[in-house]
Structure formats: C-alpha cells, structure tokens
Amino acid sequence: MSIWDWLLNPSGLTPHGFCLSWAPGLASLHAGSDVVIGLSYFSIPLAIAALVRRRPDLQYGWVAYLFVAFILACGTTHLLAILTLWVPAYGVEGLIKLVTAVLSVATAAILWPLLPRVAALPSAAQLEHLNLRLRDSEAEARLSNLELERRVAERTEQLERANAQLTKALAERSQAQQALARNEAEYRASFEAAAVGKIQTDPLTGRYIRVNRAFAQMLGYEPEELIGKDGWSFTWPDDRDDGREGFARLLSGEVSTYHREKRYLRRDGQPVWGRLSGSIVRDPDTNEPLLSVGVVEDIDERRKAQAALEETRRDLEAMVEARTTALAQRDLLLREVYHRVKNNLQVVDSLLVMQARQLADATAKAALLGLRSRVYALGLVHHQLMGSANLSTFDVAPFLQELSTNVVEGGADQDIALNVEAIPLEVGLDFAIPLGLLVTELVTNALKHAFPAGPGTIDVLLERGADGRIALIVADNGVGYAADDALGDGVAAGLGASIIKGLVSQMGGVMSVTANNGTRCEIRLASPVAS
Amino acid sequence: MNDLHDCILIVEDEFLIAEGLRFQVEEMSQTVCAIAATAEEAIAAAQAHRPRIVLMDMRLRGEKDGVDAALAIYETVGSKVIFVTGSREPATMARIHTDHPAAVLFKPLSDRQLRNTIEEVLAL
C-alpha cells in the first residue's frame, strides 16, 4: 500500500459519514460545527500572533507562539474531521492529531512550571496602581527636585561667594606675600647696601648673625668673616664694660633703645669710633628677646676732629688764661705806675709849697702857685685813669668839673660862680693832659683878669659842633681883657699865654677870643681819636 | 673826746710829701703836732699828742699800713682820720672802708681840698 493510500484511504475503510449512516442532519451538524471551530481556531492564533508581534515587551511571548501552534493544530484537526466525513483520510488525521498532541503536551508541560512566574507578573491593576504611585512619587520627586534645585542654586551661590572670597583672599594673600617678599628684598637691600653699618646679633650670645659691608669694612673685615663671632670682642677693651652695662639695661627692658659712642677694634688693632644705636626685637607673645639690631655710624673722623678741636680749644684757653694773667699783671703795673706818677706829682707839689714859703716876693709866690695848679691838672688826669675800667680812657665831664672847681676855689678871693657843662666824651691821656692844662690856664686867666672887683660867673663848656669838632669854651661875664697882653697875639705874652698857644697848636685846634659882656674864649679841636 | 688837742698828726713815710703837707696845714693856721713815718710811730704819736685830726697815708714803711694805724688810733685815742692816698684801686678803697674814715683824699692834694676837708671833719 502506498503512502498516499495510507494517508488518504487506508485499507479501504469507510468514511465517517458512513458511521452516521449519512444522516443528512447529523452529518451537517458535525461538518458545520467543525467548520466554525476550525475557522475560529485559525482566527484565534492569528490574533494572538498579531498581539505578540505588536507587544514585543510582553514577557513569555514565546509561550503565546506555542499556543498559536497548538491552536492551529487543533483547528486543522477539526477541518480534517470534516474531510473524514467523506474521505477516509484517517492517516492524515492521525498524523495531525499526533502533531497536535505533541504541541499540547509541550504546551501543557511548559505551562505548569511557568505558571508561578506568570502569576507573579504584575497585573494591569497593579501596574495602574503602580503607575499612580509612580506619578505621585514623580510629583513628589519633582517637588523634591525643585527643592533640591533651589538648594543646589543656593549652595552654588554660596559656593560662588565662597569661591569669590577665597579668590580674593588668595589674591590678597598673594599680594601680601609679594609685599612681604618686596619688603624683605627692600630690607635686605637697605641692610646690605646701607652706607651706615648695620648689625644683627643674637641677644643672648652676643654673636653676629648678620652684618653689612659698611660695618665690616669699618672694622677692616669682609662681612662673612664676622658672622658668628662674638660682637664684644670687636669692641675696644676699655669701652666694653660700659657697653655691656648699657646692653644689659636694654635687654632687661629698662630702656627701649641704646645709644653709645664707642670705639671698635679694627683688624689692624687700631680703635675706630662708631656711634651705635641698638634695640631689641622681641617675641610679641612671650616678650622674649629674639634679635638685637644695631645701626653703627662711623664717627671716627668726627671724633678725631673733635679731639683735635678740643686740643686746640685747650691751647686757646691756656693762651687766653696766659693773656688774661698778662693783662691783669699789666693792669697792676699800670695802676702802680699811675700811683707812682701821682705820688711824684705830690712830691713836686710839696716842693712847690715849701719853695713858695721861702719866697718873700709876691709875684714869685703867685707863679709857684700857678705851677701847683698845673701839677694838679696832671695828677687829676692820672687819678681819672686809675678809676677807669680799661685804665686808658675816662669820661671828660667829671674831670672838667673837678679841675675847674679846684682852680676857682683855690684862686678866687671873690664870690665866683662856676658852671661846667660837658658832653660825655671818652678821652685818653694824650687828649686829657693838654685839655686839662688849657682849662687850667683859661680859668686861671679869667679869675685873674675878669673880676677885679665883685662877683661873677665863669662858664666852662665842652660841646660838639655841627662839623663834628669839639669846642672848648671858657667864658666869663667880667670886664673884657682880651686886648690885654694875657692872650693877645703878637703881644709879649706871659707864661700862661704861650702855654695856651702852644697847646692849641699841639691839639690841631683854632682859638678865637671875643669880648662882649665879658670874655669868651673858644677853641675848636679835632675829636680825640679813640685809642 | 674833749681831751683831744687842736692839732693835726701827719702820717707819711715820704719826707718831702710830709713836709709839703705840714706847710699846707700850717698855711691854714693849723698846728702840726707830729709827723710819723710808720704805723707804730703814728700810734705812739697819736697817744702822746691826742690830735683831733690825723692825716693818714695808706702806704707806710714797715709791715703795717695806714688802716692798721688808723684802727688803733680810733680805738685808743678817738682822733678823726683823713686818709690821703695816691691809689684809688678797688682793693685799697675796700681796705680803707674797713675802718671808719672821716674822709678820703687823693694825691696830689690841692689846698682847697685839704682846707675844705679839714673844716668839714672838725665840724662833725
């Protein structure tokens, strides 16, 4: 039997309708139902397949394809059941059923273990609920997002602010560092390059930490040679104690600065004068001394000049003292000389007195008396000189007063008034002696000739004329005597007249005599030259 | 002081000046009782003659000067002392004024000064 026979007409079986006795109602019922079932069974898997294809996200989609295959197979069996009503194709029908059975078993076998997993899949309601919750939480999330954003913005702003501050602070710090660096550089430069010596010392050990070139060179060293050395060893030995004492007071805080002019010890062993100004740098918190700093000015030349000056000054002082002593001795001697001169004049006066007493002749007696008044004038000049501070000049006014008074009171028998007026004038011996003798002669003349009877007045005036010359005027209000031979020019004159003429000429003067209500004798003299 | 005599003691170590003074005094109709050249002589003469006035030179021979003599005479006799000096040095003037001078006259001495001074001192 061929396969086709087996499939479509095995062993000559009868079609299924035969079993139904071909009853038209029954056969139609079966056939119609199987058509509907088969068509439905073809439609359902198509729909399922379409669904699965449209929803690729469906989990376990492959199970749906099993259903598709299984339902298609079922549908096919129903269509074959229609065929078998008329054709005994029981082989085909059996094969189809076999295929259907395999698919059914497979589907069933797979479905059971799958069941808990599929059941665990969220339902639509659950999903909806989940969705709602999701939406709620989304809203919440949005809200919280907003809040977060706000906070982020806030923080951002804070951060930006902080950043800006930080940037600024950094910039400032950088500036400060630059300034510090610049300061340090400037300080270093000023320290190193200063024309004055600069030193930094450890306040406790006294050792040099830093010295500049000016200081080192002042001592004859290079700066490096001094670093670490004991500063006191470069101070002149005699000046160390005083320096240490002062430094101790600075260190204890008793004084805040330290100034000393002291000698340093040069490399060549010679002293060099420096003026040190020092101070202590202290820890601001503990007040512990950290560093002692000093500025040292080279004052060697000044000190040496000062010393030289001091020596000169001492020499000068000694000279002045010697001169003062010499001057004092000279003054002493001069006073002694004046004293002796006066004493000798007194002796001369005594001799005249004694001689006059021996004379019987009145004229001779009068002549001797005249000599006495001239001697007195000389004595009086020396007397004035002794009383003056400089022993060489004196004021002429009291001299003229004393001199005239002596002549008038010594020679007048009548009541003669004397009026002496003199400008203040410092005169020396050379001027005073001829002037004194002139006044003596002129006043004596007036006494002798002007007042033969009765009282009168004699004026003695010393004036300064408009031309700067000195005018000596001796005038009286007695009878005129100018034509008398006492003063007349070219007339045989007495001793008095020739003394007057000679002295006027000696003094470079000019004399004029006028007789008008008495006699007025005016002598114009050059001013005395201050000696 | 009424036991003093109307005479004048001259104390002067230079003879010529002493003589000149004596003449001047006598010209004034005064009497000179003695002339002394040293301080000791002066004191002795003053005590012997008790003069009303002493004309006293400052510088005297010997160790003592006029002021020494004047002080002694002032104390023991009480005569008025008129100093006659050639010097007007401050030291001398100060020395004179340690005593109680009746007057001080400077050499050379005019008749007028001497007369006036003596009259003034006698009038004291």
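**Labels and their grounds**

Author: In this predicted model, the 21 residues of helix H13 (residues 429-449) of chain A should span 30 Å at 1.5 Å a residue, and the end C-alpha atoms of this helix are 30 Å apart, so the two values agree.

Reader: What makes H13(A) largely enclosed by the rest of the structure?

Author: A residue is called buried if 20 or more other C-beta atoms lie within 10 Å of its own. In H13(A), 15 of the 21 residues are buried, and therefore this helix is largely enclosed.

Reader: Which residues of H3(A) are buried, and what covers them?

Author: Ala27(A), Asp34(A), Gly38(A), Tyr41(A) and Pro45(A) are buried. Their cover includes helix H2 (16-19) and helix H4 (61-86) of chain A.

Reader: How many residues of chain B are in contact with chain A?

Author: Contact requires C-beta atoms within 7 Å. On that basis 19 residues of chain B touch 22 residues of chain A. Helix H1 (15-27) and helix H5 (111-123) of chain B each give two or more residues to this side, with the largest share, seven residues, coming from H1(B).

Reader: In what order do the elements of chain B run?

Author: From the N terminus on, the order is β-α-β-α-β-α-β-α-β-α, with five helices and five strands.

Definitions and conventions
Residues are numbered from 1 along each chain as its sequence is written. Chains are lettered from A and ligands numbered from 1 in the order in which they are written. This is a predicted model: local features need pLDDT of at least 70, side-chain atom pairs count only at pLDDT 80 or more; totals for chains, interfaces and linings use all residues. Two residues are in contact if their C-beta atoms, placed from the backbone, lie within 7 Å. Helices (H or I, at least four residues) and strands (E, at least two) are DSSP runs, numbered from the N terminus. A residue is buried if 20 or more other C-beta atoms lie within 10 Å of its own, exposed if 12 or fewer, and partly exposed in between; C-beta atoms are placed from the backbone. The expected span of a helix is 1.5 Å times one less than its number of residues.
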